[in-house]
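Please open the model in your viewer and keep the sequence panel beside it. The tour below goes from one selection to the next and says what is to be found at each stop.

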Amino acid sequence: MTLRVLMVDDSPAMRHFIRRTMALSGIEFSELLEASNGREALVHLRRTPVDIILTDINMPAMSGEELLREIDADCELRHIPTLVISTDATELRVSRMLALGAQGYIAKPFTPEMLRAEIERVLQVCL
Amino acid sequence: MRKSITENLSPCCEEVLETMFFTGILSAEAQTACRAGGGLCASVRFEGPPDGELRVWIPLQTGSALASSFLGLAPGEVTSADCEQVAGELANMFCGSLLSRSAPTSEFHLTVNQDQTPNAEPCDSCVAFELPEGPLNVCVRVDRL
């Protein structure tokens, strides 16, 4: 299965790392779109369908929390699974992101195997 | 919590370096004062409580080698912008991991800054790491618990 992925992170270095980690984990993607904040992500999402969204939380212009709210409010986007990738693994933050509609959460640091396992769990597929 | 932050600093840094930078720690030495100098410096301001700052300092050569590992690029392909961004990510991950472990029921906000200013204020915990790539210094100051 090849995936169309939208990756949302304000750090170009982290986007590069995630792209590399996905390749190292053996995940095949037909398209890997990048956005540096939630606002850019919404522009991509309204133009290009994707299978999964990987998003950071703390970003300028529109945070990951605001992005989840926007996605949840849009019936065209609500079905897209979202996985949060963040350095923040505190209980309140994780539970709030899941309550806002995220289906998965990965705390940094993470291995390629952890990323693959969480994507597979969220998508309910074996990649 | 101050004690927990001090105790967790080295294990958190080690986990981040091993998992995301594919390297390890050869030695770790607690310092009584920050040992910052020329090179790359990145800091993360955290607001919870706890409030405070974590600061990372690495010589340029170490920063370039870590950026190369993190990004999967050949050493000659790494730019100075890459090194600065990776130093910021390093500080961000150290800080997030440290706070998540030391204050798991807190809620905090992180702001990453990349600057070259050595830390002038006293720290609660400073550790000088020696990595295969070179030295790495990490300092944490807690302003409010």
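**Salt bridges in chain A**

Begin by selecting Asp74(A) and Arg46(A), whose side chains meet in a salt bridge with an N to O distance of 3.3 Å; a salt bridge here is a side-chain nitrogen of Lys or Arg within 4 Å of a carboxyl oxygen of Asp or Glu. The pair links distant parts of the chain, since Asp74(A) is in the loop between α3 (64-73) and β4 (82-86) of chain A and Arg46(A) is in helix α2 (residues 38-47) of chain A, 28 residues apart. Helices (H or I, at least four residues) and strands (E, at least two) are DSSP runs, numbered from the N terminus. Asp74(A) is buried, with a relative accessible area of 15%, whereas Arg46(A) is exposed, at 51%; buried means under 20% relative accessible area, exposed over 50%, and partly exposed in between, with a 1.4 Å probe and protein chains only.

Before going further, note that this is a predicted model, in which local features need pLDDT of at least 70 and side-chain atom pairs count only at pLDDT 80 or more, while totals for chains, interfaces and linings use all residues. Residues are numbered from 1 along each chain as its sequence is written, chains are lettered from A and ligands numbered from 1 in the order in which they are written, and side-chain values use heavy atoms, with hydrogens and water left out.

Next, select Arg19(A) and Glu34(A), which form a salt bridge whose closest N and O atoms are 2.9 Å apart. Arg19(A) belongs to helix α1 of chain A and Glu34(A) to strand β2 (residues 29-35) of chain A, so that this pair links distant parts of the chain, 15 residues apart. Arg19(A) is partly exposed, with a relative accessible area of 33%, and Glu34(A) also counts as partly exposed, at 28%.

Then move to Asp88(A) and Arg93(A), a salt bridge in which the closest N and O atoms are 2.9 Å apart. Both Asp88(A) and Arg93(A) are buried. Over all chains, a search of the whole structure finds 20 salt bridges.

**Aromatic pairs**

Select Phe17(A) and Phe110(A), an edge-to-face pair with 5.9 Å centre to centre and 75° between the planes. Phe17(A) sits in helix α1 (residues 12-24) of chain A and Phe110(A) in the loop between β5 (104-107) and α5 (112-123) of chain A, 93 residues apart. Both Phe17(A) and Phe110(A) are buried. In chain B, select Phe21(B) and Phe70(B), a stacked pair with 4.8 Å centre to centre and 25° between the planes. Phe21(B) lies in the loop between α1 (2-20) and β1 (27-31) of chain B and Phe70(B) in helix α2 (residues 60-71) of chain B, so the pair ties together parts that are 49 residues apart in sequence. Both Phe21(B) and Phe70(B) are buried. With these four residues displayed together, ring pairs can be seen to link Phe17(A), Phe110(A), Phe21(B) and Phe70(B) into a cluster.

**Helices against α3(B)**

Now show α2(B) and helix α3 (residues 80-102) of chain B, whose axes come within 9 Å and cross at roughly 80°; axes are lines fitted to C-alpha atoms, for helices over the stretch in contact, and angles run from 0 to 180 degrees between N-to-C directions. That makes α2(B) roughly perpendicular to α3(B), a term for angles of 65 to 115 degrees. The contact (heavy atoms within 4.5 Å) includes Leu66(B) and Phe70(B) of α2(B) and Val86(B) and Met93(B) of α3(B).

**Backbone stops**

Finally, select Pro49(B) and Pro50(B) in the loop between β2 and β3 of chain B. The peptide bond from Gly48(B) to Pro49(B) is cis, with omega near 20°, and the bond from Pro49(B) to Pro50(B) is cis, with omega near 5°.

Technical notes: Rings of Phe, Tyr and Trp (its six-membered ring) pair if their centres lie within 6.5 Å; planes under 30 degrees apart count as stacked, over 60 as edge-to-face and the rest as tilted. Angles under 35 degrees count as roughly parallel, over 145 as roughly antiparallel, 65 to 115 as roughly perpendicular and the rest as oblique.
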